[in-house]
Amino acid sequence: DTTGMSRAKTQPIHIETERIDVRALRAQSSVEEPSVLSALLALDADGSTKTTNTNNLKGIEMANAKESLEKLAGLTGFIGACIVDANSGMMMGSYGGGEAINLELAAAGNTEVVRAKRAAMQMLKLQDVIEDILVTLGKQYHLIRPIVAKEGLFVYLVVDRSRANLAMARHALGEMEKGLTV
């Protein structure tokens, strides 16, 4: 039945597990969000999930980065946070997330958000820097903060909107960035 095949091809892919079969995703010709497929750079070529490696923090002192991410967990409503390489979409280190959000996928997807904002700023000839990017969802705030001292990296923070104080979350991200040893 070609109608059934057509519908199957246009339905979004829902990922419910920590392991992703990249070969199966590549085999589907009409992924609604092609950037999601390209952003799955945090996976090995054979499709197995890479382990988050805080030893690979590209110039940021590992112990300091881990400690900084753990400090964010003290925020009321904290769900998860990670440091992301904006060039590859790979998560360099994380804290939290758990069942509430897959930080690896979020890191890869939000890399596209950072790239899009930088491209828009370039088109508009804005000679400025991104302090942070806020995505407000019905139940969560997602904050993205590029690390000024280490171009190409950003911190991604997710907090529960009903419990978190947005001003405090932004302040904590700024303090975390100041405290990172590059």
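**Salt bridges across a predicted fold**

The accessible surface of the protein comes to about 10700 Å², and 51% of that belongs to carbon and sulfur atoms. Accessible areas come from the Shrake-Rupley method with a 1.4 Å probe; for residues, only the protein chains shown count as cover. This is a predicted model: local features need pLDDT of at least 70, side-chain atom pairs count only at pLDDT 80 or more, and totals for chains, interfaces and linings use all residues. Residues are numbered from 1 along each chain as its sequence is written, and side-chain values use heavy atoms, with hydrogens and water left out.

Start with the fold. The protein has six helices and five strands. Both are DSSP runs numbered from the N terminus: helices are H or I with at least four residues, strands are E with at least two. Along the sequence the pattern reads α-α-α-α-β-β-α-β-β-β-α. Of the 182 residues, 40% count as buried. Buried means under 20% relative accessible area, exposed means over 50%, and partly exposed lies in between (1.4 Å probe, protein chains only). Now take contacts, meaning heavy atoms within 4.5 Å. Among those between residues at least 6 apart in sequence, 54% join residues at least 24 apart.

Next come the charged pairs. The structure holds seven salt bridges. Each is a side-chain nitrogen of Lys or Arg within 4 Å of a carboxyl oxygen of Asp or Glu.

One of them joins arginine 115 and glutamate 112, at 3.0 Å from N to O. The two are three residues apart in helix α5 (residues 103–123), so about one helical turn separates them. Arginine 115 is partly exposed, at 35% relative accessible area. Glutamate 112 is also partly exposed, at 25%.

Another pairs glutamate 131 with arginine 145, with the closest N and O atoms 4.0 Å apart. Glutamate 131 lies in the loop between α5 and β3 (133–136) and arginine 145 in strand β4 (residues 140–146), so the bridge ties together parts 14 residues apart in sequence. Glutamate 131 is partly exposed at 48% relative accessibility, whereas arginine 145 is buried at 13%.

Aspartate 132 bridges to arginine 170, with the closest N and O atoms 2.7 Å apart. This pair links distant parts of the chain: aspartate 132 sits in the loop between α5 and β3, arginine 170 in helix α6 (residues 166–179), 38 residues apart. Aspartate 132 is buried at 18% relative accessible area. Arginine 170 is partly exposed at 35%.

Which residues form a network of salt bridges? Glu131, Asp132, Arg145, Arg170 and Glu177 are linked in this way.
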